[in-house]
Amino acid sequence: MSSHDGGIAIAGEAVPTNSATNAACEHPGEDSDRTGGTAKWKRAFSFAQTVGFAFGIVALQMAQGILLARLLGPVGRGEYATTVLYVQMLLYVGLFGGLEVICRYAADKTVETVQLRRAAMWLGLTTGVITTGLVLACNLIALPDEKAYLMTLGCICAFSVIGQHVMLIMTAVDRGAGDFTPYNIRRFIAAAAFPALLLVAALLTEVTLHLACGLFVIASVISIAACLIGLPKPLTGPSEPRVDRLLKESRPYGISMLATDLFERLDLLLVMWLVPLLTQGYYAAMVPVVYPLTVIPNTLGIFLFNTAADRNQRLKTSDVHRILGGSFAIQTLSTVAFMVLIGPLVRLVYGEDFAPAIVFALWLAPVSAIKGVLQGLDSYVKGRGKPLAPIRCRIVAAAVMLAITFAFVGTHGAIAIAVAALVGQVICLVWLSAIVYADVREQEQSLA
């Protein structure tokens, strides 16, 4: 759910490099048409490149899902989903908002890049260790009785959190600075590690659930390596700001992420607790299948965050009309095409054993399409320094999801959970759109 310099080297210790995005934002009153045109082209290239890499990462995630389904089967896929569920649920929550704080520091360019990267590494290690402890606790005390035999594997998977946190927070430096080439490369390496290890293992031996969980942890170590290559003196060099300061500043973002990510993962938690492993395997197998529907608006959100965080940039109401209108058009067309093609594709790629999972893909497609737009809007609000604004809508939407689920799960099974997820996403979309419009109008009035 779950993100990059021509190599992976970092070019210097002293001054952060200007990004294409920042170059486009720093001089709104530029007199030279040629300079302004070049900045726009660079910004467009950065967006196109990031969308391309995002689709590549989604392709890797889909390949990973297909491999897991093929190698483990429906029940094994449900078992794997159980072992990694609390990792998925607490991964972004456990960042405690550190990603956004590092991103804002990088966007403001108030700290030297290399020192900020070291600070990001130490912050990732700190949040990673804390969150690993939380995941271990959840696996020890919060698994259904019939799935408690997966406790040990869940605890093994918990240690992947450290590597994932270091990668996510360190790449936030590239994202905030607008250095999207190193950002994209590092994310791609991290995303490719696990499916590549799975594929190699499948060619050499039989892939069991135990082996898959071990490879999952090894892949997180590769993620750390991708971010540390080219960073001089990662453990002994000076870092700025201090971790305790970053944790203090990140609290509002952490609270926001707690509400957001628990809401977005609520359906997976309900599936684990309320349906058998076979059905959980079908549901979990379809989650990565619908990932492509989040890519474009989610990637747009990266740029919206930087725009919102830049004091020289302000969106107008007409800009929001254009962004939402374009996003809705793209998401609607993509979702319709997806729903037409998904049945034959699942049978072809996953095999006939997963044919019963197709119905979940049909319900999860619009859920994923709306989620992509929400992620974009949420990035804008966080970039504006208002991470707490969307919390109330997530709480209300989660309450509605729970009500629908418990009212209908007895008669409709996991379909009730998918329907509840869709209703929850619609509530958040309407509410968060209103928050963004209100913020933009407030800025327009202040400038009038």
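User: Is phenylalanine 216 buried or exposed?
Analyst: Phenylalanine 216 is buried, because its relative accessibility is 14%. Buried means under 20% relative accessible area, exposed over 50%, and partly exposed in between, using a 1.4 Å probe and protein chains only.

User: What should I know about the model before I go on?
Analyst: It's a predicted model, where local features need pLDDT of at least 70 and side-chain atom pairs count only at pLDDT 80 or more, while totals for chains, interfaces and linings use all residues. Residues are numbered from 1 along each chain as its sequence is written, and side-chain values use heavy atoms, with hydrogens and water left out.

User: OK, back to the rings. How many aromatic pairs are there?
Analyst: The count comes to eight aromatic pairs. Phe, Tyr and Trp rings (the six-membered ring for Trp) pair if their centres lie within 6.5 Å; planes under 30 degrees apart are stacked, over 60 edge-to-face, and the rest tilted. One of the pairs is tyrosine 80 with phenylalanine 216, edge-to-face at 6.4 Å centre to centre and 85° between the planes.

User: Where do tyrosine 80 and phenylalanine 216 lie?
Analyst: Tyrosine 80 lies in helix H2 (residues 33-91) and phenylalanine 216 in helix H8 (residues 209-228), so the pair ties together parts 136 residues apart in sequence. Helices here are DSSP runs of H or I with at least four residues, strands are E runs of at least two, and both are numbered from the N terminus. Tyrosine 80 is buried too, because its relative accessibility is 3%.

User: And tyrosine 283 with phenylalanine 360: why is that pair tilted?
Analyst: The ring centres of tyrosine 283 and phenylalanine 360 are 5.4 Å apart with the planes at 55°, so the pair counts as tilted. This pair also links distant parts of the chain: tyrosine 283 is in helix H11 (residues 277-286) and phenylalanine 360 in helix H14 (residues 358-383), 77 residues apart. Both tyrosine 283 and phenylalanine 360 are buried.

User: Which residues form an aromatic cluster?
Analyst: Tyr80, Phe194 and Phe216 form one.

User: Switching to charges. How many salt bridges does the search find?
Analyst: Twelve, searching the whole structure. A salt bridge here is a side-chain nitrogen of Lys or Arg within 4 Å of a carboxyl oxygen of Asp or Glu. Aspartate 174 and arginine 117 make one of them, at 3.5 Å, N to O. That pair joins distant parts of the chain, with aspartate 174 in helix H6 (residues 160-177) and arginine 117 in helix H4 (residues 113-141), 57 residues apart.

User: Are aspartate 174 and arginine 117 buried or exposed?
Analyst: Aspartate 174 and arginine 117 are both buried.

User: What about arginine 322 and aspartate 319?
Analyst: Their side chains meet in a salt bridge at 2.9 Å, N to O. Both residues sit in helix H13, three residues apart, about one turn of the helix. Arginine 322 counts as exposed because its relative accessibility is 54%, whereas aspartate 319 is buried at 16%.

User: Which residues are linked in a network of salt bridges?
Analyst: Arg384, Lys386, Asp439 and Glu442.

User: Cysteines next. How many disulfides?
Analyst: Zero in the whole structure, where a disulfide is a pair of cysteine sulfur atoms within 2.5 Å. Cysteine 428 is in no disulfide, and its nearest cysteine sulfur, that of cysteine 393, is 4.1 Å away. Cysteine 428 is buried at 0% relative accessibility, and cysteine 103 is also buried at 0%.

User: Which residues make the nonpolar surface patch?
Analyst: Val336, Val340, Leu341, Leu345 and Leu348, covering about 500 Å². Patches use residues with over 30% relative accessible area and no salt bridge, joining like charges within 9 Å and nonpolar side chains (Val, Leu, Ile, Met, Phe, Trp, Tyr) within 5 Å. Leucine 341 is in helix H13 (residues 317-349).

User: And the chain overall?
Analyst: The chain has 16 helices and zero strands. Buried residues make up 56% of its 448 residues. Its accessible surface comes to about 18,400 Å², of which 67% belongs to carbon and sulfur atoms. Areas come from the Shrake-Rupley method with a 1.4 Å probe, and for residues only the protein chains shown count as cover.
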